[in-house]
Amino acid sequence: LHVVPTLGKVTLTKLTPQHLQRLYSERLETGLSPTTVHHLHATLHKALGQAMRWNLVARNVADLVDAPRIEKHEMTTLEPVDARRLLDAASGNRLEAAYVLAVTTGLREGELLGLKWRDARLDDGALEIRGSLQRVSTGLVVMEPKTKHSHRRVGLTATAIAALRRHRARQAEERLQLGAPRQDNDLVFTDEAGGPIDATKFLRNSFAPLLKAAGLPPMRFHDLRHTAATLLLGRGVHPKIVSEMLGHSQI
């Protein structure tokens, strides 16, 4: 998407640091974030490193280029009273259970939207996190976790279990009201037609209005993950357990 149109016709042996520097500058000028361009640089660096090991090039020119620094976002966490305001505002929302899970378990956005009913062990009070909803060239698909730590079992609070049970009942009612075949993808959270939820639309059409309704300032959905960690630690849950719940490799 970003490299081939600009550098696809450049022979490996003729690739220079100036080529990469120009590519990064052009991508930034088109509005790509420094973080994305940094990831672009990392991908090229790894590919060129493999080319060097195969003796296809004498050096890795990516070593000679400074990639943009990754943007540092200020971490935001909700106080317990604000987290309650958010969940009160979500009460009755068709995606209420998603927000309850976000605040009580710290699941990533993709993990929430890719969660399947077969992995919701409500009688056991736990979720099996096996994938994440991602957009690829063919559309939205549930991808396998990238690391072994991301594949994990997460305990559920009584509040979360109750929210999921209500959500399942609401989902069944929607299926009956629709009166037409829905997509049979086993997803816990779907759009009105039963299909996967696009993350961008979710943030714009659901999360942002919910924050406004709760009287809370704009924040990233990822900040609910920080909020969950903070709330758990504040209740005396051991840091190692919180780390494992979040799918982190280190405490």
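Q: Where do R84 and D88 sit relative to each other in helix α4?
A: They are four residues apart in helix α4 (residues 80–90), so about one helical turn separates them. Helices here are DSSP runs of H or I with at least four residues, strands are runs of E with at least two, and both are numbered from the N terminus.

Q: What do the side chains of R84 and D88 do?
A: They meet in a salt bridge, 3.6 Å from N to O. That term means a side-chain nitrogen of Lys or Arg within 4 Å of a carboxyl oxygen of Asp or Glu.

Q: Before we go on, what kind of model is this?
A: It is a predicted model: local features need pLDDT of at least 70, and side-chain atom pairs count only at pLDDT 80 or more, while totals for chains, interfaces and linings use all residues. Residues are numbered from 1 along each chain as its sequence is written, and side-chain values use heavy atoms, with hydrogens and water left out.

Q: How many salt bridges does the structure hold?
A: There are 13.

Q: Which residue does R108 bridge to?
A: R108 pairs with E111, and their closest N and O atoms are 2.7 Å apart. E111 is buried, at 4%. R108 is partly exposed, at 24%.

Q: Which residues are linked with R108 in a network?
A: E111 and R152 are in it with R108, linked by salt bridges.

Q: What about R165? Which residue does it bridge to?
A: D123. The closest N and O atoms are 3.2 Å apart. R165 is in helix α7 (residues 158–178) and D123 is in the loop between β1 (120–121) and β2 (126–129), so the pair ties together parts 42 residues apart in sequence. D123 is exposed, at 72%. R165 is partly exposed, at 38%.

Q: New topic: strands. How do β3 and β4 run?
A: Antiparallel. Five bridges join β3 (residues 132–136) to β4 (residues 139–143). Strands pair if DSSP finds at least two bridges between them.

Q: What do β3 and β4 form?
A: A hairpin, with two residues between the strands. V136 has G139 in β4 as its bridge partner.

Q: Now rings. How many aromatic pairs?
A: Five. Y99 and F207 are a stacked pair, because their centres are 6.1 Å apart and their planes are at 20 degrees. Rings of Phe, Tyr and Trp (its six-membered ring) pair with centres within 6.5 Å; planes under 30 degrees apart are stacked, over 60 edge-to-face, and the rest tilted.

Q: Where are Y99 and F207 in the chain?
A: Y99 is in helix α5 (residues 96–105) and F207 is in helix α8 (residues 199–213), 108 residues apart. Y99 is buried, at 0%. F207 is buried too, at 3%.

Q: And how are the rings of F202 and F221 arranged?
A: Edge-to-face, because the planes are at 70 degrees, with centres 5.4 Å apart. F202 is in helix α8, and F221 is in the loop between α8 and α9 (222–234). Both are buried.

Q: What do ring pairs make of Y99, F202, F207 and F221?
A: A cluster.

Q: Last one: where does R168 lie?
A: Over the face of W117, 5.1 Å from the ring centre. A charge counts as over a ring if NZ of Lys or CZ of Arg is within 6 Å of the ring centre and within 35 degrees of the ring normal.

Notes
Buried < 20%, exposed > 50% of the residue type's maximum accessible area, 1.4 Å probe, protein only.
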